[in-house]
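Please look through the sequence and the structure below before reading on. The report that follows takes up a few parts of the model in turn.

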Amino acid sequence: MAKKGIGDAFVEAGLVTEDQLQQALEKQLQLGASEKIGDVLVTMGLVSEKEKVKCLGKYWGYQFVDLTDQSVDPEAVKCISHDLARRYKVMPVSRHNGSLVLAMKNPLDVFALDEVRLVTGAEIEAVIATEEDISAAIMQQYGCESSSAEAVNELVDDIQTSDIALDEAETSEEDVSVEELRELSEEAPVVKLANLIISKGVQEKCSDIHIEPGKTAMRVRYRIDGMMQEGLVVPKKVQASLTSRIKIMADMDIAEKRSPQDGRISATVDGRQFDFRVSTLPNINGEKIVLRVLDKGSVMIGLNKLGFLPHTMELFESMINRTYGINLVTGPTGSGKSTTLYSVLAKLNTGDKNILTIEDPVEYELPGLTQTQVNVRAGLTFASGLRTMLRQDPDVIMVGEIRDQETAMIAVEAALTGHSVLATLHTNDAPGAITRLMDMGVESFLIASAVVGVLAQRLVRLICPKCKESYTPPKDAVRRLGIEIEDGAEVTFSRGRGCDYCKGSGYKGRIGIYELMPVTDKVRDLILANGSSYSIKDVAIEQGMKTLRDDAIQKILLGMTTVEESLRVIFAG
């Protein structure tokens with residue numbers, strides 16, 4: 001099928017304009033013929049994965065099924081094996097008029113259709129669904145989650161009965177030679193256990209995997225939607241082999257147990273490419289390992305999917321499209337700054353700009369960008385790298401973090417000499433970024449001239465769509481939030497009851513809360529007068545800035561999150 005024809009389907013569906021399609025086709029040529037136009041549109045943030053799949057289904061003549069809403073018939077699930085479902089990314093949904101309704105990632109895959117037809121002996125009625133939804137349905141329907149503990153126990157038994165298993169009663173981990181550790185870590189059960197821990201984390205959509213040694217056992221925990229959740233418990237006897245296995249995968253020194261180490265793992269899980277940033281920290285019970293899960297797809301969702309309200313989105317787009325000046329993104333660690341910056345870069349990466357980044361470390365690799373990682377030992381710091389970038393004819397420069405005066409001064413100079421600069425700072429709110437630069441020693445007149453705007457952000461959990469319910473809160477509670485209500489009027493909020501889909505939490509997924517401060521003339525005058533962050537904030541609010549608190553309240557009223565979650569993330573801070 002002609003890619004142009006598929007592209008036209010997106011235009012006809014009203015998902016993109018003709019101009020946007022042309023930009024996508026040009027980017028497709030740069031990326032190579034193997035890149036499908038639908039995937040390019042998703043990468044550019046113009047359509048979501050679900051919109052892409054729905055449009056392709058209509059174009060090919062297949063019904064789209066949303067597996068998050070569609071109930072699956074357990075009898076249909078029994079028709080094919082777990083292995084077959086995972087291999088071809090298919091999910092039996094129901095039986096209909098003697099046919100098996102099969103949700104597929106690619107309903108044009110004749111090999112998958114033929115094999116399922118042979119195995120089941122039934123005619124196949126193919127429907128289309130997103131790969132993510134199919135993987136989640138497979139995990140839920142085939143009991144991957146419930147069998148995790150059994151799988152761990154089975155693997156541990158295999159490890160303990162192997163000839164070279166470490167017996168803590170006879171020897172300690174410190175006494176084991178490097179050769180023995182390497183042999184232990186390459187045993188099939190240990191490899192399976194490490195893979196199980198990682199794949200479970202990916203399936204749970206966690207951001208971090210914590211492998212924590214204790215006195216009597218190792219505990220595996222996952223950070224999901226910003227909250228730590230219990231995972232697996234692994235016996236102490238497996239500690240040496242499992243730790244060594246993770247360190248070998250991350251290309252670390254398994255003989256070094258007393259110093260922290262950093263590494264990186266690249267792996268394909270359920271057909272998707274992931275990177276894992278690995279860090280070890282020695283403690284009294286061994287080495288704690290944390291794997292940061294880096295999913296490239298999570299930063300390719302586009303600015304319009306991050307949770308910006310329409311007015312904020314329009315203003316932010318006008319700021320990042322400026323050809324010179326600094327746009328700062330602020331917030332604590334884990335507040336989604338990287339996702340926002342990479343989404344901005346994906347939007348700006350149209351092929352007609354030279355985009356350079358200096359990061360510590362490079363979290364996501366984006367095609368079409370020149371990305372440089374800080375290497376202090378080799379003398380490559382943010383400041384030295386940024387200074388060299390200015391001789392590389394850049395249009396857009398992204399600085400992972402402004403940490404010192406030298407980096408701040410070079411970034412300001414770059415902005416004043418006609419470059420667009422994106423950077424992050426660690427401040428609590430948007431006005432605080434201005435005083436932070438002043439504290440670093442940057443002159444106020446340079447800040448006033450260079451800074452275009454500041455975006456502060458946090459992440460709050462979304463209410464689970466499966467168990468969402470409405471309720472009327474007490475009027476006193478509403479007024480304490482600063483929401484004015486007329487006499488006799490009622491305000492309706494939403495919350496999650498808790499269900500299997502959200503594991504009883506009432507929340508599923510996260511969304512951004514934003515505070516966007518453009519540097520207007522009045523704000524600029526206050527910066528020149530060395531005004532405090534409080535006075536800058538007051539003037540910015542007068543000029544129309546919506547604070548983090550205002551944005552959180554708006555999303556509570558829209559039924560996206562809860563009062564309790566906003567109190568935890570925004571109001572308490």
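## A strand and its partners

In this predicted model, strand 10 and strand 15 (residues 451–463) pair in the parallel sense over five bridges, where helices (H or I, at least four residues) and strands (E, at least two) are DSSP runs numbered from the N terminus, and two strands pair if DSSP finds at least two bridges between them. Within this pairing, Val-329 has Leu-455 of strand 15 as its bridge partner. Strand 10 is also joined to strand 14 (residues 420–425), again in a parallel run, by six bridges, and here Thr-330 is partnered by Leu-425.

Six of the six residues of strand 10 are buried, so the strand is largely enclosed by the rest of the structure; buried means under 20% relative accessible area, exposed over 50%, and partly exposed in between, with a 1.4 Å probe and protein chains only. The cover extends to both faces, with Gly-325, Asn-327 and Val-329 on one side and Ile-326, Leu-328 and Thr-330 on the other.

## Two packed helices

Helix 13 (residues 310–320) packs against helix 14 (residues 337–348) at an angle of about 65°, and their axes are 11 Å apart; axes are lines fitted to C-alpha atoms, for helices over the stretch in contact, and angles run from 0 to 180 degrees between N-to-C directions. On the side of helix 13 the contact (heavy atoms within 4.5 Å) is made by Phe-316, Glu-317 and Ile-320, while helix 14 contributes Thr-340, Val-344, Lys-347 and Leu-348.

## A buried phenylalanine

Phe-274 lies in strand 8 (residues 272–283) and is buried, with a relative accessible area of 3%. Leaving aside residues up to four places away in sequence, Phe-274 touches Val-202, Ile-265, Ser-266, Ala-267, Val-269, Val-293, Leu-294 and Asp-295. Val-202 is 72 residues from Phe-274 in sequence, yet their C-alpha atoms are 8.7 Å apart in space.

## Confidence and conventions

The mean pLDDT (the predictor's confidence in each residue, from 0 to 100) is 85 for the protein, and 88% of its residues reach 70 or more. Over residues 163–171 the pLDDT is below 50. Where pLDDT is low, the predicted coordinates should not be read in detail.

Residues are numbered from 1 along each chain as its sequence is written, and side-chain values use heavy atoms, with hydrogens and water left out. Because the model is predicted, local features need pLDDT of at least 70 and side-chain atom pairs count only at pLDDT 80 or more, whereas totals for chains, interfaces and linings use all residues.
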